[in-house]
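Please look at the structure before reading on.

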Amino acid sequence: MASTTSSLFMAILCLALVILFIGSSRAELSSPDFYSKTCPKLFPTVKSKVQSAIAKETRMGASLLRLFFHDCFVNGCDGSVLLDDTSNFVGEKTANANRNSARGFDVVDDIKSAVESVCPGVVSCADILAITARDSVTILGGPNWEVKLGRRDAKTTSRAAANNGIPQQSFNLNRLLSRFNALGLSNTDLVALSGKGKAVADGP
């Protein structure tokens, strides 16, 4: 059990640090106080819902972090992974790396509803997902960090973009290296996100 807990922590630690890099490098963001006046209850509201979800299922914490990782690999951290298909586009949820794999959408929807109840129409889904990922890590015993806010939600998305953007099990080594290097990520980051991260999120 100790070994499993240690592996879980290390995987989450690696994922958190890499996602922090991705989340801060792909957008022009403001400070963690972006919503301090317009939604002062944002952080406690999100944290309470994340704590509740993890209390019901510990594995959900890693799944929520992975959801953020998959979002950030497609045109930046814009919440596009949360969009359902419409008559105008087929989104990321049915992409190869997400289909029958990505989970936690219902938890994010629940968090969004709770945030809307305290400050309607203020906080972007992209920022909620970023805060949710951070809280998932800290609640499970991982590191804490300040989440810079001010992301804008995507209005459209593409399954093809997700298939090309999110690393998949079918990718050969050269393709994986190329994809990670394009985002300024190292071989160590590749192992953390493609290997342990998937194992933690998917479970035994």
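Cys125 has a relative accessibility of 24% and so counts as partly exposed; buried means under 20% relative accessible area, exposed over 50%, and partly exposed in between, with a 1.4 Å probe and protein chains only. The model is predicted: local features need pLDDT of at least 70, side-chain atom pairs count only at pLDDT 80 or more, and totals for chains, interfaces and linings use all residues. Residues are numbered from 1 along each chain as its sequence is written, and side-chain values use heavy atoms, with hydrogens and water left out.

A disulfide is a covalent bond between the sulfur atoms of two cysteines. Here it is taken as a pair of cysteine sulfur atoms within 2.5 Å, and by this rule there are two disulfides. With bonded cysteines counted along the chain, their pattern is 1-4, 2-3.

| Disulfide | S to S distance |
|---|---|
| Cys39 and Cys119 | 1.9 Å |
| Cys72 and Cys77 | 2.1 Å |

The torsion about the S-S bond of Cys39 and Cys119 is about -55°, so this disulfide is left-handed. Cys39 sits in the loop between α1 (2-25) and α2 (42-56), and Cys119 in the loop between α4 (105-118) and α5 (125-139), so the pair ties together parts that are 80 residues apart in sequence. Helices are DSSP runs of H or I with at least four residues, numbered from the N terminus. Cys39 is buried at 3% relative accessible area, and Cys119 is buried with a relative accessibility of 3%.

The link of Cys72 and Cys77 is right-handed, with 115° about the S-S bond. Both Cys72 and Cys77 are buried.

Key: Helix = DSSP H or I, 4+ residues; strand = E, 2+ residues; numbered from the N terminus.
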